[in-house]
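Me: I would like a close look at a single part of this model, followed by how that part sits in the rest of the chain. Please give the cut-offs as you go.

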Amino acid sequence: MIKVLILGGGIAGVEASIRAKKAGFDVTLISERDYLYIYPLSIWIPTKEISFEDTTMKLDELAEIHGFNLIIDEVKEIKAKEQRVLLSNKEVDFEYLIIALGAGNKSLKGIENTLSICSKPEEAVGLCNLFENFLEKKEGVLSFGFGGNPKDSSTVRGGPAFELMFNINTLLKQRGIRDNFTINFFAPMDKVGSKMGEGAVKNLQKFFKKENINVYTGKKIDSFVSDGIIFEDSTKLDSEYTMFIPAKTGHLVVKNSDLPTSEDGFIETDEYSLVEGFKNIYAIGDVANLQGPSWRAKQGHIAEVMAENAIFNIANPENRKSYIKHINILCLMDTRDGAILVYRDLKRSLMIPLFGFGHLLKKLWGKYFKLTKLGKFPKII
Ligand SMILES: Cc1cc2nc3c(=O)[nH]c(=O)nc-3n(C[C@H](O)[C@H](O)[C@H](O)COP(=O)(O)OP(=O)(O)OC[C@H]3O[C@@H](n4cnc5c(N)ncnc54)[C@H](O)[C@@H]3O)c2cc1C
C-alpha cells in the first residue's frame with residue numbers, strides 16, 4: 001500500500017488527505033492546529049455575522065470519517081533528501097510527502113499595531129473585539145489595507161481586505177452611524193484591483209467614491225504606529241483600527257529546509273505539483289510557487305485542484321494531471337448586503353453584481369464546503 005505523509009491541515013492538506021484515502025493509500029496528516037480553518041468564511045468574524053467556531057472543522061472528526069491518521073504537532077524542519085520530517089519532539093519518515101503548510105507573512109516595521117484577517121485565526125477574533133469598542137462609541141477612524149510584493153504578485157491578497165471593509169461599511173450604514181466614521185483604504189500599488197482586470201479598477205474607484213471611502217494608494221508603506229500608518233514619504237495616515245493584510249512570503253519551515261524554492265521562499269514544483277529534483281515529494285496550495293499569468297493568485301480552489309492532482313499523479317505517474325488549465329481568479333466578493341462575482345481567466349475578466357443573492361450564495365458555499373468534507377454531500381466542483 002502506498003504510504004503518504006501530509007503536512008498541514010488547511011484547505012489543501014485536508015483535501016489531499018481525503019483524496020488519498022479514497023485512492024486506497026495509507027495516510028497520515030500532521031497539523032499544528034486541531035482544526036481546519038476555512039479562511040474564506042473568516043471575513044464575517046469581525047462583524048459577528050459568523051462565530052469563530054463556524055469557520056472551523058475538527059480534524060479528529062474528519063480523520064475518523066475518512067480513516068486517515070492524525071498527528072497534532074508542529075513541523076519544525078523537512079529533511080527532504082533524508083526522507084525525514086522533524087516535529088517538536090519526534091521525527092517521522094515518509095515514502096511519499098505532500099507539503100501543504102501554507103505561506104508566511106511579509107513583515108513590516110510596527111506590524112504589531114495592526115491585525116490581519118489573513119494571518120493567525122486569533123487575529124480575526126481580535127478584529128471582532130476591537131470593532132465592538134467602535135460600535136459602542138459609535139465613531140472612529142477605521143483603515144483597511146494590504147501590502148505588495150514586487151517579487152511575486154501571486155502573493156498579494158487584496159480580496160479579503162475589500163470584503164471586510166465593505167462588510168463593515170454596510171453594517172455601519174445599517175445601524176445608521178456610518179457618517180460618524182472615517183473609512184480609509186490604503187495599498188502601495190497605483191492601480192488597486194488590476195489583478196481582477198481593468199474593469200475592476202474602474203468599478204472599485206467608483207465604489208470608493210460612492211461610499212465615501214478615502215483612498216491612499218501608490219505610496220509604499222514604511223511602518224505602522226499605534227495610531228496610524230507611516231508612508232515612505234513620511235506622511236502619516238491617522239487610524240484607530242488598522243486591518244492590514246501583508247503580502248505572503250515562503251513558510252519559515254520551508255526556508256529552513258533542503259527544498260528548492262523561489263527567491264521569495266515558495267517551493268518550486270512542476271505543473272503536476274511535483275517538487276523539482278524529487279520523485280516522491282509534492283507541494284500544494286499556498287506553499288508552492290504558483291505558475292501562470294501575471295494576475296494569478298493563490299486561492300483555495302487552486303489548492304484543492306493541486307491536492308486532487310497530487311494524489312492522482314502519485315497513483316498514475318504515466319498519466320499525470322496539471323493544474324495550469326485551472327488557473328483563474330474566482331471569488332464572490334461579499335458586501336454583507338450582497339456580493340460581486342469576480343472571475344478572470346486567460347480569455348475574459350468579469351465582475352457581476354449578484355446583490356442579496358450573492359451573499360446567500362457565499363453562505364451556501366460555506367455549508368457546501370463543510371458537508372462535502374464531512375462526506376455528507378457529493379463534491380460537484
Ligand atoms: C480571509 C481570506 C479569504 C479568502 N477567500 C478566498 C476565496 O473567496 N476564494 C478562494 O479561492 N480563496 C480564498 N482565500 C485563499 C485561500 O483561503 C487559500 O488559498 C487557502 O487557504 C490555501 O490553502 P493551504 O492549505 O495551502 O494553506 P492554509 O489554509 O494556510 O493551511 C495551511 C495549514 O498548515 C498548518 N501549518 C502551518 N505551519 C505548520 C507547521 N509548522 N506545522 C504543522 N502545521 C502547520 C496551518 O495550521 C494550516 O492548517 C482566502 C484567504 C483568506 C485568508
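In which loop is the place of Ser234?

Reply: The place of Ser234 is in the loop between β15 (228-231) and β16 (236-238). Helices (H or I, at least four residues) and strands (E, at least two) are DSSP runs, numbered from the N terminus. This is a predicted model, in which local features need pLDDT of at least 70, side-chain atom pairs count only at pLDDT 80 or more, and totals for chains, interfaces and linings use all residues. Residues are numbered from 1 along each chain as its sequence is written.

Ser234 is not a glycine, yet its phi is positive, about 70°. Ser234 counts as exposed because it has 7 C-beta neighbours inside 10 Å. The classes are buried if 20 or more other C-beta atoms lie within 10 Å of a residue's own, exposed if 12 or fewer, and partly exposed in between, with C-beta atoms placed from the backbone.

Arg336 also has a positive phi in a residue other than glycine, near 80°. Arg336 is found in the loop between β20 (329-334) and β21 (339-344). With 21 C-beta neighbours inside 10 Å, Arg336 counts as buried. Buried residues make up 43% of the 381 residues in the protein chain.

Next, the domains. The chain is divided into domain 1 (3-103 + 250-327) and domain 2 (115-247), with bounds that come from an automatic or database domain assignment. The centres of the two domains, taken over C-alpha atoms, are separated by 29 Å. In contact across the boundary are 20 residues of domain 1 and 21 residues of domain 2, where contact requires C-beta atoms, placed from the backbone, to lie within 7 Å. The side of domain 1 that touches domain 2 has 11 nonpolar, four polar and five charged residues. In this count, Ala, Val, Leu, Ile, Met, Phe, Trp, Tyr, Cys and Pro are nonpolar, Asp, Glu, Lys and Arg are charged, and the others, Gly among them, are polar.

Now the sheets. Four strands form an open sheet with parallel pairing, in the order β13-β12-β11-β17; two strands pair if DSSP finds at least two bridges between them. At its edges are β13 (213-217) and β17 (241-245), each of which pairs on one side only. From one strand to the next the twist averages 15°. Six bridges link β11 (residues 140-146) and β12 (residues 181-187) in the parallel sense, and Ser143 stands opposite Asn184 in β12. Helix α4 (residues 159-174) lies across β11, β12 and β17 and runs at about 160° to β11. Axes are lines fitted to C-alpha atoms, for helices over the stretch in contact, and angles run from 0 to 180 degrees between N-to-C directions.

An open sheet of three strands has the order β6-β7-β8 and antiparallel pairing. β6 (75-79) and β8 (91-93) stand at the edges with a single partner strand each, so one side of each has no neighbour in the sheet. Strand β7 (residues 84-87) is joined to β8 by three bridges, and Arg84 has Asp93 in β8 as its bridge partner.

For the chain as a whole, the secondary structure comes to eight helices and 22 strands. The C-alpha trace spans about 65 × 45 × 45 Å along its principal axes. Among contacts between residues at least 6 apart in sequence, 61% join residues at least 24 apart.

Key. Two residues are in contact if their C-beta atoms, placed from the backbone, lie within 7 Å.
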